[in-house]
Structure formats: C-alpha cells, structure tokens
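Let's take a friendly walk through a protein chain, one region at a time. Have the sequence and the 3D view ready, and follow along as each residue comes up.

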Amino acid sequence: MPSTDSKDQKTSILAENYKGIISLLGEDVSREGLLDTPERVAKAMQFLTSGYTEDPQEVLRKALFKEDYKQMVIVKDIDFYSLCEHHMLPFWGKAHVAYIPNGYITGLSKIPRIVDIFSRRLQVQERLTTQIKDCLQETLNPLGVMVVIEAQHMCMQMRGVQKQNSTTTTSDFTGAFNQAKTREEFINLIK
C-alpha cells in the first residue's frame, strides 16, 4: 500500500492535470465553484480506481474455510460501479455470482469484495465478468463458477447512440456450469 506522502503527491499531480483539463475545456479554474474541483476529482478518481491496489485472490484466501458442501452458493444482486476504459464514463449494475464448492468455501462478504476490486479499475463489462470468474476458479478451485452481470453504460446513454434504457448482460462459467441444467438452475435462482 502506498504511503500517505505518496498518495498525497499523486493527488496533487492528478489535481494539477485536472486543472489543465478544465482550462482546456474553456472554464475558468479560478471561478469560486471550481476552486476545489481539481482536487475533488483527483480524489474521486483515486477511489474509483482503487481496485488496482488490492489483490482479489488474497481477499478470498484470507477467508478460506474447509467445508464439505457441494451445492450451489449464490450471491446475487451485488451492486457495482465502474468506469468504461474507452470513454472513462460510468457503467453500473448488478453482478450475480455462483460457485459449487470442492472442499473449501469462502466468506460470503468476500464475493462482493472481489466484484468491487475488479470494478474499481478501468474496465469493459466483458473482462469484468471473466476476471471475477477466473479469480474464484483459480483461488477456490470449485467444481464450477458462473458470473452474470447486468449493467447500464453512460457511454451508450449520454453519448454515441444515446439509448437510455439499454442494458447489457454478460455471462461466463466453468466446470459444472457447462451443463445446461446447472446453468438453468442458477438463472432461475437469480430471477
């Protein structure tokens, strides 16, 4: 984890850059309403991309418990917010994550934590879906993992095609979820 001095220095450098961006956009950065904006944006961006500083596999490993449970474990409706790497505009929605244990389970709160870690990076929804699945599969070695993400993208809603009511759904799965019956059970349980 970076030291406070390093973090303050990064915030300061980011704020200077945002000050330049605001000026280039045609605004007066010395205007009262904008005086503290560069620093606020710098801090917001550091929070919104804080996933780069965390190891999601370590988060899962810290809460690994031996358990002889071999049925589906689902955490659904996990709210997340991310930034599209193409336009740095927000996309947000819900992640639904399931795994079938193979001797080990993880603390239930760790699944939303890994969703947060991966979503707090510059992302595309497709990669986000796969990263969550791969992290669970590699760390827990379960019988299978399935992830479904439903999201709305500001890059589609406020620019480009401007389709305000569109939702994008992605899914990825491994192991036991390769069987249509297991996938159907998961889909029915998250509805």
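In helix α5, the buried residues are Q125, L128, T129, I132, K133, C135, L136, T139 and L140. These residues cover an arc of only 155 degrees around the axis, which puts them on the same side of α5. The arc is that of the directions from the helix axis to the C-beta atoms. "Buried" means under 20% relative accessible area, "exposed" means over 50%, and "partly exposed" is in between (1.4 Å probe, protein chains only). Helices (H or I, at least four residues) and strands (E, at least two) are DSSP runs, numbered from the N terminus.

Before going on, please note that this is a predicted model, in which local features need pLDDT of at least 70 and side-chain atom pairs count only at pLDDT 80 or more, while totals for chains, interfaces and linings use all residues. Residues are numbered from 1 along each chain as its sequence is written, and side-chain values use heavy atoms, with hydrogens and water left out.

How far does α5 reach from its first C-alpha to its last? The helix takes in residues 125–140, 16 residues in all, and reaches 23 Å, close to the 22 Å expected at 1.5 Å a residue. That expected span is 1.5 Å times one less than the number of residues.

N141 sits in the loop between α5 and β6 (144–153) and is partly exposed, at 48% relative accessibility. Along the chain, N141 and N102 are 39 residues apart, and 6.7 Å separate their C-alpha atoms. Leaving out residues up to four places away in sequence, N141 touches N102 and L136; contact means heavy atoms within 4.5 Å.

## An annotated spot

Which residues does the UniProt annotation "binding site" cover? The record, an unreviewed entry, lists C84, H87 and C155. UniProt positions are given in the numbering used here, feature names are shortened, and annotations may be inferred rather than shown by experiment. The three annotated residues span 72 residues in sequence, yet no two of their C-alpha atoms are more than 7.7 Å apart, so they gather at one spot.

C84 belongs to strand β2 (residues 73–84), whereas H87 is in the loop between β2 and β3. Not counting residues up to four places away in sequence, C84 touches L89, F91, Q123 and C155. With neighbours in sequence left out in that way, H87 touches C155 and R159.

## Two residues in strands

S82 is also placed in strand β2. A polar atom of the S82 side chain lies 2.6 Å from the backbone oxygen of S119. Beyond its neighbours within four places in sequence, S82 has contacts that include L89, P90, F91 and R121.

H96 is found in strand β3 (residues 90–100). Its side chain makes a polar contact with the side chain of E150, at 2.8 Å. A polar contact is a pair of N or O atoms within 3.5 Å; within protein, one must be able to donate a hydrogen and the other to accept it, and residues adjacent in sequence count only if both atoms are side-chain atoms. Apart from neighbours within four places in sequence, H96 is in contact with residues including V75, D77, V148 and F186.

Here is how accessible four of these residues are.

| Residue | Relative accessible area | State |
|---|---|---|
| C84 | 6% | buried |
| H87 | 37% | partly exposed |
| S82 | 4% | buried |
| H96 | 2% | buried |

## Stepping back to the whole chain

The chain has seven helices and seven strands. From the N terminus on, its elements run α-α-α-β-β-β-β-α-β-α-β-α-β-α. Buried residues make up 40% of its 191 residues, and its C-alpha atoms fill a box of roughly 60 × 40 × 20 Å, taken along the principal axes.

How is the chain divided into domains? The assignment gives domain 1 (4–50) and domain 2 (56–190), with bounds that come from an automatic or database domain assignment. The centres of the two domains, taken over C-alpha atoms, are separated by 32 Å. Five residues of domain 1 are in contact with six residues of domain 2.
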